[in-house]
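Me: I have a chain open here and want to go through a few spots in it. Can you take my questions as they come?

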Amino acid sequence: MAKINKNKFKQSFETKMYSLYAQSINDATDEQLLNVLCSVIKDIISKKWVDNKLDSQKEVYYFSIEFLLGRQLKSNLLNLGIENVVRESLKELNIDLDNLINAESDPALGNGGLGRLAACFLDSMASLNISGHGYGIRYKHGLFEQKFINGYQVEVPDNWLTQGGYVWETVRPNKAIVVKFEGNVNLIDKNGRLEVNHTDYLPIMAMPYDIPIIGYGNNSINTLRLFKSEVLSRDFGPLTVNARNSYGSYEDALKYKYYAEEISQVLYPNDSNYAGRLLRLKQEYFFVSAGIQDIIRKYKKKKLDIKKLNEKVAIHINDTHPTLCIPELMRILLDEEGLSWDEAWDITINTISYTNHTIMTEAMERWPKEMVKRLLPRIYMIIEEINKRYVNELEERKYDHEKIYRMSIIDNNDIKMANLSIVGSHSVNGVAKLHTELLKKEVLKDFYEHEPEKFNNKTNGIAHRRWLISANSELSDLITGLISEDWKTDTNKLKELEIYRNNKDVLEKIGEIKYSNKERLAKFIKEKYDIDVNPNSIFDVQVKRLHAYKRQLLNALHILHLYHELLENPNFDMEPRTFIFGAKAAPGYYLAKCIIKFINSLADKINNDPRIDNKIKVVFIENYGVSIAELIIPAADVSEQISTTTKEASGTGNMKFMMNGAITLATLDGANIEIFDQVGKDNIVIFGLSANEVLNYNKFGGYSALDLYNSNRNIKRVVDDLINGFIPNMEKEGREIYDSLITYNDEYFVLRDIENYIEAQEKIDKLYKNKDKWNEMALINIANSGVFSSDRTIAEYAHDIWFKGCEGNE
Ligand code: 8GP
């Protein structure tokens, strides 16, 4: 823990205000105060940050094209253990810490689950004393800001770099790296040794911006290094000899500048689907090459033997976006370090490990051969060679042609990035038990049969410090009061809460905390949208990216069903409900955008219909992201995790809700299964098709949405409403959704699961009527959520993958 006292802190604060802004505290804006505060904190940690070079230990490098960090101030104060001193000192200076916490921009450098997971992992690596660092891209514009105009999603560019910079970053021009694109590659035979001559390439500078990642209560500080792309300055040195940046004309110079800066301009707004755009490929190679060069440079500075790289370095690739780590490391080992192919390959495989995050084929990256060849000529050659050797190996095993074609890295047109990742790494993991099983038995079956020892599961986790201690401090304090502080560093201890399951006082307290979190959210909703929601109603929440497989549509159709029930029978017995949505759709994903419009139109109709006496309210909160999640999740009673079984690799929102005492309403998909295993059938509500049923439908057919529609009154009623004008202002969108269900036979089995879902919702309604029972369920959920801390996940990665075979890691 950092040691500071109030007087010293106040003094540093004032001095910093003068040195940064040459003005007094009284005249400063919140933004300036925030800058000063962050700068003082950076001073406090800076010595540790520099000192934190653990030579003796293996270093882990986590490559991810997304890091969805969320605001850092509060979590840094928490991890440093100085929130109270800082709060009190600022108070004495007439400054409210919470204002500054809320003034920080929220770096949205990720789309959803995959990016947020990477951020949780950084937090856990630092907190577990693992020297583990992130490599990524410093996008100028993160994920777009979402606005609703007439119920439609409108995307506005995200400007998180207000004032041109980010309070926590430190730019390091002396560590800049050159990444080479395009050009010609010649292999020259020099006395039997091949020399690689890469000429006419475009050199792009990768400028490192470092963000400190502070461990919880342990003085350990790691680094997230994000690269910004820039033109190469003319004085960069000898690397420019063969480069094509001796820009002749002014026009050429501008083109080069555009080319360079475009690379880190904007985050691709796609979640769980793949769009093979050249710029994205540039982004991938850009941060991968910069990161790998950086690692090798640091390693060599320590004068260590390059042939022992894998003993000191572990490189983890978060999905296939950083897969070019494999040929890039090969390139350096072969071309720059002069190792033989076999030596280089051995080191590469033993250094790199890979996580897969999806089973959906549309999300699997494939890059056109020609594109890769032109953009990255040397990398292409290396991938070709890897493929050639791999195919030889498969042929020796006498596999049939089809199988070899499926497993090959390069097919007639494309490079298959998942295949390259598996072949070039020593470990392949899925992110929840079911997901890993599906990879082994279905999607990556050939590879699993070929090399079963590579495959393992690492069920996802979440940073409990952010999602419970910080986001729900009242609940966190209650827990600490009941079972002592130890759970904060060992979440398994949360189990001890179970002894309170029949303690009326404790259960009531849990209910009160939930209520006050709901009031806080209700206030936000009133201020922002002028909608009155009742904190005594059930807060039923679905927040996540908008995707057909996540089935926000199922949720909405159920709301429509309830609405009809109420209209038909005003005395229909139900607990009042507030349905809360938060979701961004990829800008090019038309059906997803139609679903947003549908939900907004439905909300409009229901919220303004006096006939139903406020029994239902529907609120779609704009611009869902980390900060707003921190407000919503602690206020949820019901956690909607209703994806089509088999489609959600894991989910991590489900874990955040559980840890905050919400009851999960779920299909047996992804990590929902493991939540079920933890809490038992009485503390979760499950519905819907099983994994096998979905797989069978997919393989053998036999599902007809039209038959269901024709034979079931409830289904017909809500589906017809999509196109009969019952909900105004959504004619086109309603038709699109209708077609997806009826004309295209409901790919995600919404109609197949709806009756079952309605029953499950009725069960929720009944359970909520008994408050003691409900609070007991909440307690059981909290008590059993410890296993979903990302500390557990990271400990498993460290033990089974990164430090496997290392001394002291038995
Ligand atoms: C997500 C999975 O959909 C989700 O189930 C899982 O919990 C999460 O990864 C973390 O493992 N996948 C993605 O976010 C994803 O594939 N994003 C790609 C577009 C980057």
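Me: Which helix is Asp-753 in?
Reply: Asp-753 sits in helix H30, residues 750-769. Bear in mind that this is a predicted model.

Me: Buried or exposed?
Reply: Asp-753 counts as buried, because it has 22 C-beta neighbours inside 10 Å and the cut-off for buried is 20 or more.

Me: And what is it in contact with, leaving aside neighbours within four places in sequence?
Reply: Asp-753 is then in contact with Leu-554, Phe-687, Gly-688 and Leu-689. Leu-554 is 199 residues from Asp-753 in sequence, yet the two C-alpha atoms are 8.2 Å apart.

Me: Now Gln-163. Where does that lie?
Reply: Gln-163 is in the loop between S4 and strand S5 (170-171). Gln-163 is exposed, because 10 other C-beta atoms lie within 10 Å and 12 or fewer counts as exposed.

Me: Change of topic. What does UniProt list for Lys-656?
Reply: The UniProt record, an unreviewed entry, lists Lys-656 under "modified residue: N6-(pyridoxal phosphate)lysine".

Me: Where is that lysine in the model, and what does it contact?
Reply: Lys-656 is in helix H24, residues 653-659. Apart from neighbours within four places in sequence, Lys-656 contacts Ile-462, Trp-467 and Ile-633. Lys-656 counts as buried, because 30 C-beta neighbours fall inside 10 Å.

Me: How is the chain split into domains?
Reply: Domain 1 covers 1-51 + 81-104, domain 2 covers 52-70 + 106-459 + 797-801, and domain 3 covers 489-694 + 750-788.

Me: How many residues does each side give to the contact of domain 2 with domain 3?
Reply: Domain 2 gives 35 residues and domain 3 gives 29. On the domain 2 side, the elements that give two or more residues are helix H6 (113-127), strand S3 (145-149), strand S4 (152-156) and helix H16 (433-443). By class, that side has 14 nonpolar, 14 polar and 7 charged residues.

Me: And how far apart are the centres of those two domains?
Reply: The C-alpha centres of domain 2 and domain 3 are 36 Å apart.

Me: What about the span of helix H32?
Reply: H32, residues 790-802, spans only 16 Å between its end C-alpha atoms, whereas a straight helix of 13 residues would span 18 Å.

Me: Which of its residues are buried, and where do they fall around the axis?
Reply: The buried residues of H32 are Ser-790, Asp-791, Thr-793, Ile-794, Tyr-797, Ala-798, Ile-801 and Trp-802. Seen down the axis of H32, they fall within an arc of 160°, so they line one face of the helix. They pack against strand S1 (59-63), H6, strand S11 (313-318), strand S12 (352-355) and strand S15 (427-430).

Me: Last topic, backbone angles. What is phi at Asp-319?
Reply: Asp-319 has a positive phi of about 65°, although it is not a glycine. Most residues other than glycine have a negative phi. Asp-319 is in the loop between S11 and helix H10 (325-336), and it counts as buried because 26 C-beta neighbours lie inside 10 Å.

Me: And phi at Asp-530?
Reply: Phi of Asp-530 is near 55°, again a positive value in a residue other than glycine. Asp-530 lies in the loop between helix H20 (504-529) and strand S17 (538-543). Asp-530 counts as exposed, because 7 C-beta neighbours lie inside 10 Å.

Conventions: Residues are numbered from 1 along each chain as its sequence is written. This is a predicted model: local features need pLDDT of at least 70, side-chain atom pairs count only at pLDDT 80 or more; totals for chains, interfaces and linings use all residues. Domain bounds come from an automatic or database domain assignment. Two residues are in contact if their C-beta atoms, placed from the backbone, lie within 7 Å. Helices (H or I, at least four residues) and strands (E, at least two) are DSSP runs, numbered from the N terminus. Ala, Val, Leu, Ile, Met, Phe, Trp, Tyr, Cys and Pro count as nonpolar, Asp, Glu, Lys and Arg as charged, and the others, Gly among them, as polar. UniProt positions are given in the numbering used here, feature names are shortened, and annotations may be inferred rather than shown by experiment. The expected span of a helix is 1.5 Å times one less than its number of residues. The arc is that of the directions from the helix axis to the C-beta atoms.
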